[in-house]
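Subject: Structure handover and notes

Hello,

Here is the structure for your files. My notes on it follow below.

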Amino acid sequence: MLSHADVVSTSEHQLLPLNNSSRKTIKSRCSTHLECSDTLQCNLNKCQCSTNDYWNQIYCTKRKSVTMSCKIENECQEGLRCSESACSCPTTKYLNDNKCLTKKDLHTDCESSVECKDTLSCRKEHVVVMSQNSGKEQPVSKTLTSYDTEMYKANETINGTIVEVIKTMVTGKHISSAASTNILGLLIASAIFGIATASTKEIGQPFFKFFYSATEIILVILGKLIW
């Protein structure tokens with residue numbers, strides 16, 4: 001006797017037995033799930049994989065997560081891309097603990113430039129802006145932390161299946177100096193010049209008058225521009 005799972009209704013008075021060998025394959029027209037092979041489902045009148053699966057030319061199987069090996073983008077989970085034979089985060093996100101997180105904006109805490117948006121860089125644990133024209137960082141901090149990374153292949157067991165994954169390992173850390181505007185040094189130098197000029201009395205007067213005149217000229221120019 002045929003069970004309900006082994007037949008599909010073709011009319012009010014006729015039942016057609018189905019086995020997996022006679023069921024329809026990917027992209028075949030259908031009206032019910034029973035017409036499609038085991039791993040397929042009838043969606044929009046076509047036998048298709050579910051949104052969480054992909055067709056491997058034989059049957060539907062689960063889409064791969066980040067860092068798992070791939071050949072085409074369709075093998076990766078939704079939102080991922082297949083880059084350098086591995087499922088990777090999109091360009092707007094970065095990988096952190098096997099998760100794709102949105103890249104960080106200006107003045108957000110960070111540990112490396114990988115976490116920052118394309119025109120930004122991580123400096124002294126904060127995201128700073130990069131010049132779009134020259135590609136150079138604006139002088140807003142004094143230290144730069146950079147990381148050396150290395151990619152390697154490893155085998156992991158996922159759902160009882162051994163798969164090859166690509167991982168990233170931090171191999172080194174560098175802290176270097178970066179250009180910055182030294183306001184304190186400028187103030188100290190100005191004070192030293194002022195004291196030296198005052199101590200020279202008459203000899204230092206031409207030097208004093210030059211800067212006094214320059215200051216008056218600048219004030220006049222600023223006054224015209226502002227008002």
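Is Lys-103 buried or exposed? Lys-103 counts as buried, at 17% relative accessibility; the classes used here are buried for under 20% relative accessible area, exposed for over 50% and partly exposed in between, with a 1.4 Å probe and protein chains only.

Before the rest, the conventions. This is a predicted model, in which local features need pLDDT of at least 70 and side-chain atom pairs count only at pLDDT 80 or more, while totals for chains, interfaces and linings use all residues. Residues are numbered from 1 along each chain as its sequence is written, and side-chain values use heavy atoms, with hydrogens and water left out.

Overall picture

The chain has two helices and 14 strands, where helices (H or I, at least four residues) and strands (E, at least two) are DSSP runs numbered from the N terminus. Of its 227 residues, 22% count as buried. The accessible surface of the chain is about 17000 Å², and carbon and sulfur atoms hold 56% of that surface; accessible areas come from the Shrake-Rupley method with a 1.4 Å probe, and for residues only the protein chains shown count as cover. If one takes the contacts (heavy atoms within 4.5 Å) between residues at least 6 apart in sequence, 18% join residues at least 24 apart.

Salt bridges

There are seven salt bridges in the structure, each being a side-chain nitrogen of Lys or Arg within 4 Å of a carboxyl oxygen of Asp or Glu. As background, side chains of opposite charge can pair when their charged atoms come close.

Lys-103 forms a salt bridge with Asp-118, at 3.4 Å from N to O. Lys-103 is in the loop between strand 10 (99-102) and strand 11 (120-123), as is Asp-118, and the pair links parts of the chain 15 residues apart. In contrast to the buried Lys-103, Asp-118 counts as exposed, with 66% relative accessibility.

Lys-117 and Asp-105 also meet in a salt bridge, again with 3.4 Å from N to O. Both residues lie in the loop between strand 10 and strand 11, so this pair ties together parts that are 12 residues apart in sequence. Lys-117 is partly exposed, with a relative accessible area of 36%, and Asp-105 is partly exposed as well, at 42%.

Asp-38 and Arg-23 are both in the loop between strand 2 (15-17) and strand 3 (41-43), so the pair ties together parts 15 residues apart in sequence. Asp-38 is exposed, with a relative accessible area of 56%, whereas Arg-23 is buried, at 18%.

What else does the side chain of Arg-23 reach? A polar atom of that side chain lies 3.4 Å from the backbone oxygen of Leu-34. The Arg-23 and Asp-38 side chains are also listed as a polar contact of 3.0 Å; a polar contact is a pair of N or O atoms within 3.5 Å, where within protein one must be able to donate a hydrogen and the other to accept it, and residues adjacent in sequence count only if both atoms are side-chain atoms.

Backbone

Most residues other than glycine have a negative phi, and most peptide bonds are trans. Thr-67 has a positive phi, near 80°. Thr-67 lies in the loop between strand 6 (60-62) and strand 7 (81-83) and counts as buried, at 10% relative accessibility. His-107 also has a positive phi, of about 65°, although it is not a glycine. His-107 is in the loop between strand 10 and strand 11 and is exposed, with a relative accessible area of 64%.

Ile-217, Ile-218, Leu-219, Ile-221, Leu-222, Leu-225 and Ile-226 make a nonpolar surface patch of about 740 Å². Patches are made of residues with over 30% relative accessible area and no salt bridge, with like charges joined within 9 Å and nonpolar side chains (Val, Leu, Ile, Met, Phe, Trp, Tyr) within 5 Å. Leu-225 is in helix 2 (residues 205-226) and counts as exposed, at 67% relative accessibility.

The unreviewed UniProt entry places the feature "transmembrane region" at residues 179-198 and 210-226; UniProt positions are given in the numbering used here, feature names are shortened, and annotations may be inferred rather than shown by experiment. In the model, residues 210-226 are 100% helix and 0% strand, with the end C-alpha atoms 24 Å apart.

Regards
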